[in-house]
Amino acid sequence: MKTRITGFCLTLFIILSINAQQLSINPSLLNNYWSASWITSADAVPRGYAVYHFRNTIALESKPQKFIVHVSADNRYRLFVNGKAVCSGPSRGDLYNWYFETLDIAPFLLPGKNVIAALVWNMGEHAPVAQISNQTAFVLQGDGENEKAINTNSSWKVLINKSYHPCSTDNAQKLRTYMVVGPGDSVNAALYPWQWEQNSYDDNSWQAAKRVSSPVPVGYGSDNLWSLVPRNIPLMEESLQRIPLVRRASGINVTNDFLKGNHPLTVPANQHVTILLDQSFNTVAYPELIVSSGKNSNIRLTYAEALFKNGKKENRNEIEGKEIIGNYDVFQPDGGSKRLFRPLWFKTYRYLQLDIDTKDEPLIIEDLYGMYTGYPFTVKASFTSNDQSLQDLWTVGWRTARLCAGETYFDCPYYEQLQYEGDTRIQSLISLYVTGDDRLMRKAIIDFYNSRVPEGLTQGRYPSNRTQVIPPFSLFWVSMLHDYFMHRDPVFIKQFLTAAEGVLNWYENKIDPNINMLGPMKWWSFVDWNKAFPGGTPPAANNGNSSIVTLQYVYTLRQAAEVFDYFNKKTQAAHYRSLAVQLSAGTYKNCFDVAKNLMADDPTKKTFSQHAGIMGVLSGAVPQEKSKEVMMKVLYDTTLSQATFYYRFYLTRALKKAGMANLYYSQLKSWRDMLKIGLTTFAENPDPTRSDCHAWSASPNYDFFATICGINPSSPGFQKVEIKPALGELHNVTGKIPHPNGEIEVILNRKGEKGMHAEIILPPGLTGNFIWNEKTILLKPGKQIVDL
């Protein structure tokens with residue numbers, strides 16, 4: 001909390017962030033107890049709220065070329081070496097899979113005295129729902145004999161930081177919604193141990209650390225508090241992000257200059273000041289506020305995605321007559337010089353408001369900026385077309401996806417930061433197509449696998465310290481397995497087949513044999529936040545015979561059959577196909593209204609939704625010859641209850657299944673409308689919406705490639721490709737995506753109404769087909785030109 005990260009330190013931090021998990025781990029640490037200890041404070045309330053500082057000093061004869069360490073904590077830590085921040089963690093998991101980070105801290109070490117320090121915190125009863133915990137503890141283990149001096153034990157010292165208190169704990173009540181991201185930080189600088197992480201700090205008054213237990217990796221031990229596993233994703237990135245605009249101020253005259261980093265702002269003594277700042281786009285960052293003087297002042301930092309007027313957001317760019325409502329932090333300066341406030345956890349905001357009350361001393365705001373953070377994705381894809389407005393959709397969609405990707409995928413960064421299968425399936429496909437990085441998708445698949453309840457279902461979100469089971473989301477987890485199976489190495493999926501069977505068997509046991517549809521369902525059968533679906537649950541999902549849920553099961557059975565076939569599990573594959581045929585026929589017979597040419601929500605045929613038609617076509621229950629007519633009704637019959645942004649992902653899949661992918665381009669109005677009201681990320685739902693940033697709404701960043709460019713795997717592992725463009729009204733499109741073998745690039749130019757001139761470049765080893773107007777051209781590695 002003492003110093004801002006310099007450019008040199010930031011560069012090293014980013015290098016560590018990218019490379020830390022590529023380091024090898026001493027094998028003995030993966031099959032036996034560690035020689036270090038989990039440590040805590042003797043005065044700690046093990047599961048209560050508190051912030052801790054740990055320190056130790058080691059002496060080195062010379063600067064080592066490498067110094068590999070492994071580190072973790074409960075709840076979280078931030079590690080410093082000689083005053084420099086080098087790592088944060090651990091990656092979120094559960095007690096059975098408690099992650100530790102591996103990094104080489106040699107770049108930060110010096111000959112002679114070295115101080116290793118850690119900021120550790122436990123949010124206790126205020127912890128985010130995504131945070132699983134046992135009790136407060138910290139562990140640091142050297143990789144081998146050369147690093148063992150750093151091991152945590154009773155030689156380490158610890159201090160409980162009395163300056164911290166939780167605040168902003170009533171956000172759910174203020175915003176009248178579900179909000180579970182944890183508290184804000186209220187910090188009294190007069191009680192803060194400034195310079196605690198620096199070599200020069202005197203820690204003689206600190207207590208010796210108390211041993212908790214011996215660390216042990218997963219699969220070993222007999223009384224584990226945490227079972228340790230190596231982190232399987234890179235460290236999060238951090239980069240400087242300045243706030244460009246002062247939108248309004250009261251009690252002081254202020255310009256944008258003070259936000260540039262070299263124009264301090266002085267707030268007079270005994271003054272109340274409010275300053276509203278505008279990042280100009282939604283972001284996730286650690287705000288860093290540097291102040292001097294201003295003893296006993298009170299600074300409140302409030303963060304919001306949008307401002308409110310009478311409870312409504314309306315145009316996000318407009319501020320007149322609006323107020324900020326949201327989570328906040330509080331910092332109370334002690335009069336010292338260049339005190340840095342940085343919250344323990346990142347914040348989501350477009351707007352940041354400072355409410356300042358000074359006492360007898362003027363307060364000097366030296367600087368205020370954000371440190372953007374998130375999963376370190378690198379964009380490798382590109383998309384252009386003759387419609388320049390699609391670039392705006394691309395930019396906003398990718399920002400949405402990025403803000404919803406950290407140590408897990410998030411549904412939304414402001415309200416929940418929870419990883420749900422329904423959101424994550426879409427997010428994973430975006431990640432694959434835009435970056436080629438599958439590591440967060442692999443972690444998500446593993447996380448949901450680890451979440452399974454005794455009935456065989458996955459939990460609807462995970463990691464989570466509260467149980468929530470959404471059976472349709474368990475089906476989407478199986479769909480995620482199929483997605484990975486098709487796009488990346490199928491072998492990774494084999495380990496999850498038994499769990500997939502468990503999900504499918506749970507549903508099979510719910511079949512109503514009288515009509516060959518699913519019967520009554522337990523738990524929360526969420527489908528979509530459709531206004532006609534109470535709590536997101538469609539008609540008959542609870543009481544039995546829901547066409548939507550039955551047909552989603554059919555859709556998943558067909559995907560599972562492909563996967564099980566590949567792994568030579570022919571009996572299961574045949575059984576799943578047989579079940580799919582049986583349930584398709586039963587649902588079509590009982591729910592399809594021939595007069596309306598629509599799939600009803602249940603056999604009573606009293607309600608109809610886009611969702612039922614979508615799943616009817618996508619599952620194959622609606623005969624192929626009827627699918628176009630059904631999808632036309634789904635698209636244009638306004639009496640149907642409507643799919644939200646989320647479920648329109650499946651609307652697009654159904655259009656493609658019906659041979660109507662060319663209509664996709666015309667279906668982007670909902671996303672264009674979001675831009676018109678000033679949204680800089682895509683929202684959870686049409687206004688009035690809770691979340692202004694929801695990853696399930698970023699699907700255009702997948703469909704620009706998978707639908708408009710028409711690039712899709714046609715065999716497992718993306719060993720073959722099908723390129724079937726669906727340009728709609730577009731004339732020229734260029735797209736490039738990463739592929740395990742390299743890159744796939746298409747340059748598409750229409751010739752007249754039906755013709756096509758295409759340049760296609762495939763990476764080595766990749767073959768496939770190009771399809772245009774029912775004509776198929778074989779593709780080979782390298783560049784080829786197609787004229788049709």
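The expected span of a helix is 1.5 Å times one less than its number of residues. Keep that rule for the second stop.

This is a predicted model, in which local features need pLDDT of at least 70, side-chain atom pairs count only at pLDDT 80 or more, and totals for chains, interfaces and linings use all residues. Numbering runs from 1 along each chain as its sequence is written, and side-chain values use heavy atoms, without hydrogens or water.

**Stop 1: the whole chain.** Show the C-alpha trace. Along its principal axes it spans about 80 × 60 × 55 Å. The chain holds 14 helices and 37 strands; these are DSSP runs, H or I of at least four residues for helices and E of at least two for strands, numbered from the N terminus. The radius of gyration is 28 Å, close to the 28 Å of the globule rule for 788 residues, so the chain is as compact as a globular protein of that length. That radius is taken over C-alpha atoms, and the rule is 2.2 Å times the number of residues to the power 0.38. Of the 788 residues, 63% count as buried, meaning under 20% relative accessible area with a 1.4 Å probe, protein chains only.

**Stop 2: helix α3.** Select residues 389-403. The 15 residues should span 21 Å, and the end C-alpha atoms are 22 Å apart, which agrees. Colour the buried residues of α3, among them W394, W398 and R402.

**Stop 3: an open sheet.** Select the six strands in the order β5-β4-β7-β2-β9-β12; their pairing is antiparallel. Strands pair if DSSP finds at least two bridges between them. β5 (84-89) and β12 (207-208) stand at the edges with a single partner strand each, so one side of each has no neighbour in the sheet. Now zoom in on β4 (76-81) and β7 (112-122), joined by six bridges. R76 stands opposite W121 in β7.

**Stop 4: the largest pocket.** Select R653, K656, K657, N712 and E722, which lie nearest its centre among 40 lining residues. A pocket is an open set of points on a 1 Å grid over the protein atoms alone, where a 1.4 Å probe fits, with protein on both sides within 12 Å along at least five of seven lines; lining residues have an atom within 4 Å of a point. Elements giving two or more residues to this lining include α12 (648-657) and β30 (711-713).

**Stop 5: the second largest pocket.** Select R176, T177, E684, T689 and R690, the closest to its centre of the 30 residues that line it.

Key. Buried means under 20% relative accessible area, exposed over 50%, partly exposed in between (1.4 Å probe, protein chains only).
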